[in-house]
Amino acid sequence: MCNIKIIENGIYLPKKQVKNNELEKYLNLENGYIEKRTGIKQRYYCIEESIEDMALNAVNNIKNILKEKDIGLIITATTSTDKIMPGISNYIQKKLDIKSCICLDILAGCSGYINAFDIAKLYITSGKVDKALVIGVDKLSQVIDKDDIGTAIVLSDGAGATLLGKIDEEKEYKVNITATGKGNEILTYNYGENLYMNGKEVYKYAVTKTIENIKELLKNSNLKLEDIKYIIPHQSNLKIIKSIASRLHIELNKMYIDIENKGNTFCASIPIALYDINKENLIQKGDKIIFLGYGGGLNTGSILIEF
């Protein structure tokens with residue numbers, strides 16, 4: 001059990017929308033190829049915004065965030081930052097005019113938001129901080145080879161932010177975060193180079209390790225999939241999400257999916273989906289939700305949280 005709550009979420013998507021027909025023309029692909037392969041119809045590219053600006057815009061879309069002076073921790077998950085020091089979290093602290101707090105940027109691949117969320121939970125429940133700001137942000141348009149079909153048709157830019165706080169009422173919370181270094185060359189990014197992804201191997205990893213992870217999470221929670229209202233997965237690729245649902249023997253509508261109009265935003269995908277599912281009023285008090293992250297590292301993580 002735990003005593004944290006999600007207070008509010010904010011997201012930011014750049015203004016430039018890149019439709020499939022634009023990429024299909026550039027890459028000499030037949031009409032409909034991209035949606036058939038990925039489930040994506042459009043993605044977003046930054047024109048002028050820095051990755052710090054995207055993160056800040058997501059944070060500022062949380063109502064009354066400037067009045068939140070008791071934020072004791074800001075933690076940002078990213079894979080594509082181009083500034084090592086000061087970090088994105090320090091930038092947010094400065095812009096929010098928070099005099100003193102803990103600031104962390106973490107690199108844990110596409111599963112980074114899961115890691116960041118759980119770290120924030122541990123700080124809150126230990127009594128070290130009252131509130132925490134968890135951010136997932138990636139600017140992937142700057143790290144892809146525009147001629148590489150495997151990445152160019154999938155990846156997108158975006159940011160999501162979640163404000164966490166204490167709650168007196170006990171709520172279900174379980175976590176299963178793991179990583180393996182073996183085979184991690186299938187998804188890599190070195191600063192100054194293009195992101196590399198071996199699509200076939202990433203697919204194999206994603207549809208096996210995630211199943212193992214969720215089954216172990218449920219076993220440790222003494223719960224079944226029937227007890228879960230939604231799984232919010234990393235929005236990697238619709239084919240991967242469909243395969244995960246099939247191997248878990250659940251209906252696809254139990255997986256919350258918003259990749260169609262957002263693309264794969266790596267660390268931002270789960271907080272963006274969390275914002276969307278709340279906007280649609282699909283979660284009620286007492287519902288149990290699983291966040292599922294997977295990707296570079298190779299990192300795999302899931303969090304079961306009761307709302």
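Biologist: Where does Asn20 lie?

Modeller: Asn20 is in helix H1 (residues 20-26). "Helix" here is a DSSP run of H or I with at least four residues, a strand is a run of E with at least two, and both are numbered from the N terminus. Bear in mind that this is a predicted model: local features need pLDDT of at least 70, side-chain atom pairs count only at pLDDT 80 or more, and totals for chains, interfaces and linings use all residues. Residues are numbered from 1 along each chain as its sequence is written, and side-chain values use heavy atoms, with hydrogens and water left out.

Biologist: Why is Asn20 called buried?

Modeller: Buried means under 20% relative accessible area, exposed means over 50%, and partly exposed is in between, with a 1.4 Å probe and protein chains only. Asn20 has a relative accessible area of 8%, so it counts as buried. Leaving out residues up to four places away in sequence, Asn20 touches Ile34, Glu35, Ile40, Lys41, Gln42 and Arg43; contact means heavy atoms within 4.5 Å.

Biologist: And what makes Lys262 buried?

Modeller: The relative accessible area of Lys262 is 14%, so the label is buried. Lys262 sits in the loop between helix H8 (238-248) and helix H9 (269-279). Beyond its neighbours within four places in sequence, Lys262 is in contact with Leu13, Gln42, Arg43, Tyr44, Ser156, Ile272 and Asp276.

Biologist: Which side chain makes a polar contact with Lys262?

Modeller: That of Asp276, at 2.9 Å. A polar contact is a pair of N or O atoms within 3.5 Å; within protein, one must be able to donate a hydrogen and the other to accept it, and residues adjacent in sequence count only if both atoms are side-chain atoms.

Biologist: Why does Gly112 count as buried?

Modeller: Gly112 is at 0% relative accessibility, therefore buried. It lies in helix H5 (residues 112-125). Its contacts, setting aside neighbours within four places in sequence, are Ala77, Ile106 and Cys267.

Biologist: Asn281: buried or exposed?

Modeller: Exposed, because its relative accessible area is 59%.

Biologist: Where are the cis peptide bonds joining Met85 to Pro86 and Gly297 to Leu298?

Modeller: Pro86 is in the loop between strand E4 (71-77) and helix H4 (88-96), and omega of the Met85–Pro86 bond is about -5°. Leu298 is in the loop between E12 and strand E13 (299-306), and omega for the Gly297–Leu298 bond is about 5°.

Biologist: What makes helix H7 (199-221) oblique to H8?

Modeller: H7 and H8 pack at about 40°, with their axes 9 Å apart. That angle makes H7 oblique to H8: under 35 degrees would be roughly parallel, over 145 roughly antiparallel, 65 to 115 roughly perpendicular, and the rest is oblique. The axes are lines fitted to C-alpha atoms, for helices over the stretch in contact, and angles run from 0 to 180 degrees between N-to-C directions.

Biologist: And why is H3 called oblique to H4?

Modeller: Helix H3 (residues 51-60) and H4 pack at about 50°, with axes 10 Å apart. So H3 is oblique to H4 too. H3's side of the contact includes Ile51, Leu56 and Val59, and H4's includes Ile88, Tyr91 and Ile92.

Biologist: Which residues touch the most other members of the largest nonpolar core?

Modeller: Ile214, Leu218, Ile231, Ile244, Leu248, Ile290 and Tyr294, out of 45 residues. H7, H8 and E12 are the elements giving two or more residues to this core, and the largest share, 8 residues, comes from H7. A nonpolar core is a set of buried Ala, Val, Leu, Ile, Met, Phe, Trp, Tyr and Cys residues joined through side-chain atoms within 4.5 Å.
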